[in-house]
Protein chains: 2
Amino acid sequence: MIKIIPNSTDIQNLKGKSATFLLALSNTKTADIEGITQAGIPGLIHLTPTLDAEFLASGEVKSLENIAETPKGVPTPALITRAVHLLKPFHALEFLDLGLEKIPQIENKIYGFNIHPSNRIDQHAQIDAHALFSLARSFGKSYKPKSDYLIIGESTPSGTTTALATALALGYDANEMFSSSFKNDPTNIKQEVVQKALKHIHPSDSILDKVSKVSDNMLIFTSGFLMGASENGYPIILAGGTQMAAVLLLINALTPNFNAENIALFTTKWVYHDSHSDILGLLNMLDFPINAYASEFDFSLTNHPALKLYDQGEAKEGVGAGAALIYAELNGISKEEITQKVESFLV
Amino acid sequence: MIKIIPNSTDIQNLKGKSATFLLALSNTKTADIEGITQAGIPGLIHLTPTLDAEFLASGEVKSLENIAETPKGVPTPALITRAVHLLKPFHALEFLDLGLEKIPQIENKIYGFNIHPSNRIDQHAQIDAHALFSLARSFGKSYKPKSDYLIIGESTPSGTTTALATALALGYDANEMFSSSFKNDPTNIKQEVVQKALKHIHPSDSILDKVSKVSDNMLIFTSGFLMGASENGYPIILAGGTQMAAVLLLINALTPNFNAENIALFTTKWVYHDSHSDILGLLNMLDFPINAYASEFDFSLTNHPALKLYDQGEAKEGVGAGAALIYAELNGISKEEITQKVESFLV
């Protein structure tokens, strides 16, 4: 049978289609708080988005000798996205500098907007959210990929902390629904930071006033971008887990009757099955319907101890890994091929 | 990949599941207007729902010697639904008497509510829509099929005329969007009747006041039934074309933020491809999203001249034929099997 009212993001409509991969890169000084994230090298967490961009674009890290790793040796999900890109290249890899400490040394297109890293949220993030949102929306309206659809991912260390603070500041009952790069989330530190951040919120604050205090540049920019770009009609894949769900929650707070029929969220199995967070719960808080899919890929075919940790609940998502895995499946790339390609980066 | 937020009516969730088929039967005296419908035997159009019910339930018509045919010999779509029921029986066949001239002579369950046939809409339909809607909603809340899901179809001669009048009375810009049992719709007669009907509408009328004047029992009852039954959580298939779209338009007028996630509309290829009507246009007028599917079945495998007329645009839909065809496909019944079974009724 034929679906009479198909969404452009219904999975069967994306089979074999070409995709541009756009990676939103951002630093928040929230990541400098001791023990709050393991998305990177201790002391050099701020380099993670820069290194992710370099590895994804070139297969090498220029700004550091080794690629970003967590203390137990879980390598960045950029490995997965890079592996997929080698097996079935994206039409283009492009980057958004949404306030980086260090610009990636790559030849790909990097869109720059003179945005600075945002402040620690426990000390007021100091983001001009009105200007940033407006800029992002205009940029989204003008952005048209030269491929069938767009995938937008992110690399923002401590982004789940700022996402949690954002959702709570906007009045969503979202405690314990956000993921973490840790298997055992350092809840106490995170909760303490979030509680301090929320003290800056006044009941009379507008929605954008609130996020200017407790959110991050990636989250605000991606919300504005989606609101602008979704008017263009091409399918857009929001590539990520609970952070990208928070992007949708911000849109929902601003526009409860938002038309998300051109948008879908793609994430990993590790996020979907994570018992410490609740992506489904977050998406169900939206007043508008949206397509959302989780990859079924896991590392059951590898013996590499660092990759095995993914299946045990470390790392989970980032750099659009879940969307890259679904894109691979839609293009006939097998689990074996992806596993072997990721392994090849680690020997 | 896995769909994170599946609707219960997403097609893959209905594969191989059991269904109860509920057929809403109704007479409106609008069908007595000369030349307005070809859904039945001239002079005996009012018997069509009765005969459809008898043929669907037993394979025989008790209240007449031959099954309902149109002048050119296009047999009722009940043939299709009956064929599917023989190939892959519904869990149960049940009937709603929503104002019949003559009760079908069958052993199946017929729900009766002491409803009388409604009046000609050009002379004011005289339906107590408030009482009927309220009754239907209560019945819907209490109705729980003993199968995985419910299919609700209809047999209501001249129902597309009353559906058109209903949509226009409710303020939808729906002219020329409604189907007809004719290939060449007798638009002049229909338009004249609808225009006369609309003269009874006052701007101050409530929604239910309006439909009490220009609609039919099936349309009002099915709207109320869906609003009640959809709270029960099981999937419900609205089986029909533009008449069933009008059911949704009435729900939309009453409750624009209606939650239709448990409901889908299933119809035929003939309705979906009909150049004289616009099922997609009608569904797009809804403020709430809804799943809708069209069967791809046609009579390309038969040489029977009466069946060939379907492919030429006569008959198109009714007695839940489109939903029966999709139910058959979801249960692995082939086009060949259905064609042969329908042919077997005609030799």
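Let's start in chain A, where strand S7 (residues 263-267) and strand S8 (residues 291-294) run in the parallel sense and pair over four bridges. In that pairing, Ala264(A) sits opposite Asn291(A) of S8(A). Keep in mind that this is a predicted model.

Now zoom out to the sheet around that pair. Eight strands make up an open sheet, in the order S4(A)-S3(A)-S2(A)-S5(A)-S6(A)-S7(A)-S8(A)-S1(B), and the pairing is mixed. Which strands stand at the edges? They are strand S4 (109-112) of chain A and strand S1 (2-3) of chain B; each has a single partner strand, so one side of each has no neighbour in the sheet.

There is another open sheet of eight strands to trace, with mixed pairing and the order S1(A)-S8(B)-S7(B)-S6(B)-S5(B)-S2(B)-S3(B)-S4(B). At its edges you'll find strand S1 (2-3) of chain A and strand S4 (109-112) of chain B, each with a single partner strand, so each is left with one side lacking a neighbour in the sheet. Within this sheet, Leu22(B) stands opposite Ile152(B) in S5(B). Helix H1 (residues 48-58) of chain B packs on the sheet and touches S2, strand S3 (92-97) and S5 of chain B. The direction of H1 makes about 165° with that of S3(B).

| Strand pair | Sense | Bridges |
|---|---|---|
| S7 (residues 263-267) and S8 (residues 291-294) of chain A | parallel | four bridges |
| S2 (residues 19-25) and S5 (residues 149-155) of chain B | parallel | seven bridges |

Next, a pair of helices. In chain A, the axes of helix H4 (residues 159-169) and helix H6 (residues 207-214) come within 9 Å and cross at roughly 150°. The crossing is right-handed. On the H4(A) side, the contact is made by Thr162(A), Ala165(A), Thr166(A) and Ala169(A), while H6(A) brings Lys210(A), Val211(A) and Val214(A). Sorted by class, that contact has four nonpolar, two polar and one charged residues.

Finally, how do the two chains meet? The contact takes 22 residues from chain A and 22 residues from chain B. About 2,100 Å² is buried between the chains, and carbon and sulfur atoms give 71% of that area. Met1(B), Ile2(B) and Ile4(B) supply 40% of the area that chain B buries against chain A, more than any other three residues.

Terms used: Residues numbered from 1 in each chain as written. Chains lettered and ligands numbered in written order. Predicted model: local features only at pLDDT ≥ 70, side-chain atom pairs only at ≥ 80, totals over all residues. Heavy atoms only, no water. Axes fitted to C-alpha atoms, helices over the stretch in contact; angles between N-to-C directions. Helix = DSSP H or I, 4+ residues; strand = E, 2+ residues; numbered from the N terminus. Left-handed = near helix turned anticlockwise from the far one by under 90°. Contact = heavy atoms within 4.5 Å. Nonpolar A, V, L, I, M, F, W, Y, C, P; charged D, E, K, R; others polar. Pairing = 2+ DSSP bridges. Buried area = accessible area lost by both parts, 1.4 Å probe.
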